[in-house]
Amino acid sequence: PPLHIQVPSLEHDGRVTGESLDLIKYIDTNFQGPALLPQDPAKRQFADELIAYADAFTKALYSPLISQVAMSDEAVAALDKIEAALSKFSDGPFFLGQFSLVDIAYVTILERVQIYYSNLRNYEIAKDRPNLERYTEEMNKIEAYKQTKNVPLALLDAAKRHLKIA
């Protein structure tokens, strides 16, 4: 039988949007509510750079897990890049200082790799990365985020099955 996969999508004014970040940008631009991207041009440019980097970041962190190596220089460099990015703006603990679309883009992958690396590689991604540690603490104070967080052990079990780890 054919495989049916549901993905989030939005049809508005005859246009269909399906990629998660594109959806959020579209909603942010076309509907009223708190802005998810700041007006400040420097912050907007940095937001675009970080969103463009999200896929490479994800690949860098998943590669050692998939290839079942302990850690990679690429993964460490990716985490260090995120640590540095979190210090670019000093008006808050988030990527652009205040909570934004960039945090939405990164929080889930950071949550997952923290669980995976801690349990599968005995590596704490926030160790010696105070900005990442503070970021995680501040994200965990956001009620809407807490309600959507993954259950760590269920996530870990799924990862072990996917990575074929006993």
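Reader: Is Phe95 buried or exposed?

Author: Phe95 is buried, with a relative accessible area of 0%, where buried means under 20% relative accessible area, exposed over 50% and partly exposed in between, with a 1.4 Å probe and protein chains only. This is a predicted model, in which local features need pLDDT of at least 70 and side-chain atom pairs count only at pLDDT 80 or more, while totals for chains, interfaces and linings use all residues. Residues are numbered from 1 along each chain as its sequence is written, and side-chain values use heavy atoms, with hydrogens and water left out.

Reader: OK, and what is the geometry of the rings of Phe95 and Tyr106?

Author: Their centres are 5.1 Å apart and their planes lie at 40°, so the pair is tilted; rings of Phe, Tyr and Trp (its six-membered ring) pair if their centres lie within 6.5 Å, and planes under 30 degrees apart count as stacked, over 60 as edge-to-face and the rest as tilted. The pair links distant parts of the chain, with Phe95 in the loop between helix H3 (73–85) and H4, and Tyr106 in helix H4, 11 residues apart. Tyr106 counts as buried too, at 0% relative accessibility.

Reader: How many aromatic pairs does the whole structure have?

Author: A search of the whole structure gives 9 aromatic pairs. Another of them is Tyr53 with Phe57, which is tilted, at 6.1 Å centre to centre and 55° between the planes. Those two residues are 4 apart in helix H2, and are therefore separated by about one helical turn; helices here (H or I, at least four residues) and strands (E, at least two) are DSSP runs numbered from the N terminus. Tyr53 counts as buried at 16% relative accessibility, and Phe57 does so at 0%.

Reader: Which residues form the aromatic cluster?

Author: One cluster is formed by Tyr53, Phe57, Phe94, Phe95, Phe99, Tyr106 and Tyr135.

Reader: Switching to charges, what sits over the ring of Phe89?

Author: The charged end of Lys43 does, 5.2 Å from the ring centre, and Lys88 lies over the face of Phe46, at 5.0 Å from that ring's centre. A charge sits over a ring if NZ of Lys or CZ of Arg is within 6 Å of the ring centre and within 35 degrees of the ring normal.

Reader: Now pockets: where does the largest pocket lie?

Author: It lies between domain 1 (1–33) and domain 2 (41–163), because both give residues to its lining; the domain bounds come from an automatic or database domain assignment. The centres of the two domains, taken over C-alpha atoms, are separated by 24 Å.

Reader: How much space is in the largest pocket, and which residues are closest to its centre?

Author: About 650 Å³ of space lies in the largest pocket, and, of the 24 residues that line it, Leu21, Ile104, Ala105, Val107 and Thr108 are the closest to its centre. On a 1 Å grid over the protein atoms alone, a pocket is an open set of points where a 1.4 Å probe fits, with protein on both sides within 12 Å along at least five of seven lines, and lining residues have an atom within 4 Å of a point. Grid points are joined across faces, edges and corners, and a volume is the space filled by probe spheres set on the points.

Reader: Which element gives the largest share of that lining?

Author: H4 does, with 7 residues.
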